[in-house]
Amino acid sequence: PIVEAAYEALHGAGRGRASLLGDDAGVFLGIERPDWALLQALGPASARQSVYAATGDTTSVAGGRLSFVLGLQGPCVSVDTACSSALVALHAAVRCLQNGDCDLALVMGVNVMLAPGSAQGQAITGLTSATGRCHTFDEAADGYVRSEGVGAVVLQALPEAAAQGRRVHAVVRGVGVAQ
């Protein structure tokens with residue numbers, strides 16, 4: 001789902017893979033610790049000896065894989081700051097665009113829950129909502145609700161986006177959000 005979401009966002013921003021090959025576009029991926037390592041350790045020996053075993057549970061490699069698949073040569077980071085991972089990745093992308101470190105930034109957030117252990121542990125400690133509903137900034141708030149998903153946006157400095165005739169959906173301090 002990560003690669004598909006990346007392609008969808010890039011195509012929505014009017015950028016195809018061919019136009020990105022060798023580009024200095026950056027990848028900024030917010031990703032929380034994956035459950036894959038646990039499943040791999042409990043699975044058959046063949047899973048522990050696959051070509052993906054060495055890096056499949058390493059969040060630091062995820063952004064690099066995406067950058068490699070897309071042929072991008074710009075900054076590439078995977079950020080794991082728990083619930084704020086996507087927001088911190090977005091902040092890093094905006095800063096890189098503002099500093100001229102890249103001309104285009106693919107920002108993504110992803111969380112996939114594959115094993116129940118983490119959710120059970122957080123429920124036992126009282127971190128998650130007993131009602132199963134999130135009441136942010138409400139006096140009824142009684143914890144947070146875990147979820148999984150993937151999202152992607154493409155950012156570009158506003159002057160460059162305008163010069164290229166790109167459709168801009170939002171502006172964040174001089175950075176245009178294309179998709």
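Trainee: Which residues does Gly 143 touch, not counting those up to four places away in sequence?
Mentor: Gly 143 touches Leu 127, Thr 128 and Ser 129. Contact here means heavy atoms within 4.5 Å.

Trainee: Where does Gly 143 sit?
Mentor: In the loop between helix 7 (117-124) and strand 4 (149-157). Helices (H or I, at least four residues) and strands (E, at least two) are DSSP runs, numbered from the N terminus.

Trainee: Before I go on, what should I know about the model?
Mentor: It is predicted: local features need pLDDT of at least 70, side-chain atom pairs count only at pLDDT 80 or more, and totals for chains, interfaces and linings use all residues. Residues are numbered from 1 along each chain as its sequence is written, and side-chain values use heavy atoms, with hydrogens and water left out.

Trainee: New topic. How many salt bridges does the structure hold?
Mentor: It holds 1. The term needs a side-chain nitrogen of Lys or Arg within 4 Å of a carboxyl oxygen of Asp or Glu.

Trainee: Which side chains meet in it?
Mentor: Asp 23 and Arg 15, at 2.8 Å, N to O.

Trainee: Are Asp 23 and Arg 15 buried or exposed?
Mentor: Both are buried.

Trainee: Helices next. At what angle do helix 1 and helix 5 pack?
Mentor: About 55°, with the axes of helix 1 (residues 2-12) and helix 5 (residues 59-70) 11 Å apart. That makes helix 1 oblique to helix 5. Under 35 degrees is roughly parallel, over 145 roughly antiparallel, 65 to 115 roughly perpendicular, and the rest oblique.

Trainee: Which residues make the contact?
Mentor: Helix 1 brings Ile 2, Val 3, Ala 6, Tyr 7 and Leu 10. Helix 5 brings Leu 66, Val 69 and Leu 70.

Trainee: And the whole protein, how many helices and strands?
Mentor: 8 helices and 6 strands. The C-alpha trace spans about 55 × 50 × 25 Å along its principal axes. Of the 179 residues, 33% count as buried.

Methods. Axes fitted to C-alpha atoms, helices over the stretch in contact; angles between N-to-C directions. Buried < 20%, exposed > 50% of the residue type's maximum accessible area, 1.4 Å probe, protein only.
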